[in-house]
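Subject: Structure for you to look at

Hello,

Here is the structure I promised. Please open it and keep it beside you while you read my notes.

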Amino acid sequence: MAKRSIVFIINPISGTQSKDNIIELISQHLDQDKFNYQVVRTEYAGHATLLAQEHVEKGCDAVVAIGGDGTVNEIARSLVHTSVAFGVIPCGSGNGLARHLRIPMDPLGAIKVLNRFDIECLDYGKINDLPFFCTCGVGFDAFVSSKFAHSEKRGVLTYLENTLREGLKYKPDTYEIEIEGETSKYKAFLIACANASQYGNNAYIAPHASMSDGLMDVTIMEPFTVLEAPQIAVQLFNRTLLQNNKIKTFRCKNIRIHREHPGVIHFDGDPMSAGTDIDVQLIQKGLNMIVNTQQASDTAFGRVVSELYDELISLSISVRNRNIRRIDSFNKEVMRRLKL
């Protein structure tokens, strides 16, 4: 059997970790009896889309994103409605698509999924003709995405910081929603249209969403009080959000959202300015995805607590190292002055 060709596209600035060790793991653990491969790096925003298009035209068998949801979106949009398979080695801040599909968060585990090369044809969506693969929407989630995009730091803690800081100040809007000719009006904190179940970081905005059912799950979160916020936050992470009486949800293929003023929208966490009318549609079976067929069962809430703990440990180590450097610098200055 002829070897398949895989192109790995690395976004070197995504997430919070170096990608050098991933390249080494690929050379050691990718099954080179099955695959020829090459590694290319992005150099600017949007470059991943161009690189993916280039290698699709050259006739590669698969393109693999090494990065976060932004990189995933840029590459996947070049692969829809082609025979080229899409894979992910997740190393971004949220990793929503990889988590939904239970792609391991550790690079070695993700490489093992690639080696099995099990492919499923999955759905994707468009918001105002912009492709998305996990979620899109308007309201607070889009607002926070805009804040997060301009943050110098990445990771779970930065996202939580933005969410907590801005959440109490955010004013919900009124939206008109049109589905199959019927219009309803809602005052909403956010409206999320989900192809996959979560935003990322195991925050399940649409716990029952499927990428292979031909429908998107629309979640409307109505305004809530400060006292109600902790319960909503917990339910977001333990997959029980739909039990909350502030949540309205339904499934559809197409939806039009009208708001009074232009503002920000998001697609897979990337913010963009848009007008008063927002059209969202679900496109069935448009992306060939390398999926994990050996999914281990685990607890989403437990995973996110573990990852948050790891971030806190990393932060404490960083603070400790900065303090050590300051002490060393102080000691050197004292010794220098004593010698004078």
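The chain has 9 helices and 16 strands. Both are DSSP runs, numbered from the N terminus: helices are H or I with at least four residues, strands are E with at least two. This is a predicted model: local features need pLDDT of at least 70, side-chain atom pairs count only at pLDDT 80 or more, and totals for chains, interfaces and linings use all residues. Residues are numbered from 1 along each chain as its sequence is written, and side-chain values use heavy atoms, without hydrogens and water.

Of the 340 residues in the chain, 46% are buried. Buried means under 20% relative accessible area, exposed over 50%, and partly exposed in between (1.4 Å probe, protein chains only).

Now look at two helices. H1 covers residues 20–29 and H5 covers residues 107–116. Their axes come within 10 Å and cross at roughly 40°. The axes are lines fitted to C-alpha atoms over the stretch in contact, with angles from 0 to 180 degrees between N-to-C directions. H1 is therefore oblique to H5. Oblique is what remains after roughly parallel (under 35 degrees), roughly antiparallel (over 145) and roughly perpendicular (65 to 115).

Which residues of H1 and H5 meet? Ile22, Leu25, Ile26 and His29 in H1 meet Pro107, Leu108, Ile111 and Asn115 in H5. Contact here means heavy atoms within 4.5 Å.

Last, find Ser83. Ser83 sits in the loop between helix H3 (69–79) and strand E4 (85–90). Ser83 is exposed, at 69% relative accessible area. Val56 is 27 residues away along the chain, yet the two C-alpha atoms are separated by 8.9 Å.

Best wishes
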